[in-house]
Amino acid sequence: MFTASAEFYDLIYSTFKDYGAEAAQLADILHRLNPQCRTILDVACGTGEHARLLATHDFAVDGLDLDPAFVRIAQHKNPEGRFLEADMSDFHLPRRYDAVLCLFSSIGYLQTIDRVARALIGFREHLAPGGVMVVEPWLPRGAIDPTRVFRHAGEANGVRVSRVSRIEIEGTLSHLHFDYEIADATGVRYASEVHTLGLFERADMQWAFEQARLDVDHDVKGLSDRGLYVATVAA
């Protein structure tokens, strides 16, 4: 996970990810499918930036993440919500929600489609009647160019972080290699992470939603050109 970079996550992603536009698009989807939608569970919530902005659309948002540093950051940003450390493939909360979200390709960290199906079953169990599920997938194999190198940098409060990223494909897995240069008043240091995500075709994801007894629609573009699955409980 983002063990080497959690504290710099927002600094990097704020340079190219439009969380405000994504939150507005999500609000439109949820209100269209369930006009009474108010409560949201953000699974793999990261630093809680989507949660923070969805709250400005009058949603009450709770969240969970496997990374304890992300949970701390998300809770600090969203004191009105409840954020906890949990595995998206196996969690049990005492309440249900009008919507369950799993965004920014976090579902890919489950690595196998069987684990995705188990996770979706768990998501469904936390949906209130009339609830909506929104899942943003990772890219399929054919959409990734392993020769590309990505560079992002951000600076704030005397800290500058640069990240170089590349993707290695191994069968049905993608390994994201992140190399960081972090400069602040104490000097320059370096850190690296490897993130492994499963590569799922659309047919794979459709199968997983079927196993969870969900009716699902697929938007090819989605929030960030990665597609989007929007599901409701099957009749």
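This is a predicted model: local features need pLDDT of at least 70, side-chain atom pairs count only at pLDDT 80 or more; totals for chains, interfaces and linings use all residues.
Local features need pLDDT of at least 70 and side-chain atom pairs count only at pLDDT 80 or more, while totals for chains, interfaces and linings use all residues. Residues are numbered from 1 along each chain as its sequence is written, and side-chain values use heavy atoms, with hydrogens and water left out.

Q: Which residues lie closest to the centre of the largest pocket?
A: A pocket here is an open set of points on a 1 Å grid over the protein atoms alone, where a 1.4 Å probe fits, with protein on both sides within 12 Å along at least five of seven lines. Lining residues have an atom within 4 Å of a point. The largest pocket holds about 990 Å³, and of its 47 lining residues the closest to the centre are Tyr-13, Phe-104, Ser-105, Leu-176 and Arg-226.

Q: Which element gives the largest share of the lining of the largest pocket?
A: Strands are DSSP runs of E with at least two residues, and helices are runs of H or I with at least four. Among the elements that each supply at least two lining residues are α1 (9–13), β6 (149–156) and β7 (159–170). The largest share, four residues, comes from β7.

Q: What is the volume of the second largest pocket?
A: A volume is the space filled by probe spheres set on the grid points, which are joined across faces, edges and corners. The second largest pocket has 15 lining residues, with Ala-55, Phe-59, Val-61, Glu-80 and Gly-81 nearest its centre. Its volume is about 200 Å³.

Q: How is α5 set against α6: roughly parallel, roughly perpendicular or oblique?
A: Axes are lines fitted to C-alpha atoms over the stretch in contact (heavy atoms within 4.5 Å), and angles run from 0 to 180 degrees between N-to-C directions. Helices α5 (113–125) and α6 (202–211) pack at about 40°, with axes 8 Å apart. Under 35 degrees is roughly parallel, over 145 roughly antiparallel, 65 to 115 roughly perpendicular and the rest oblique, so α5 is to α6 oblique.
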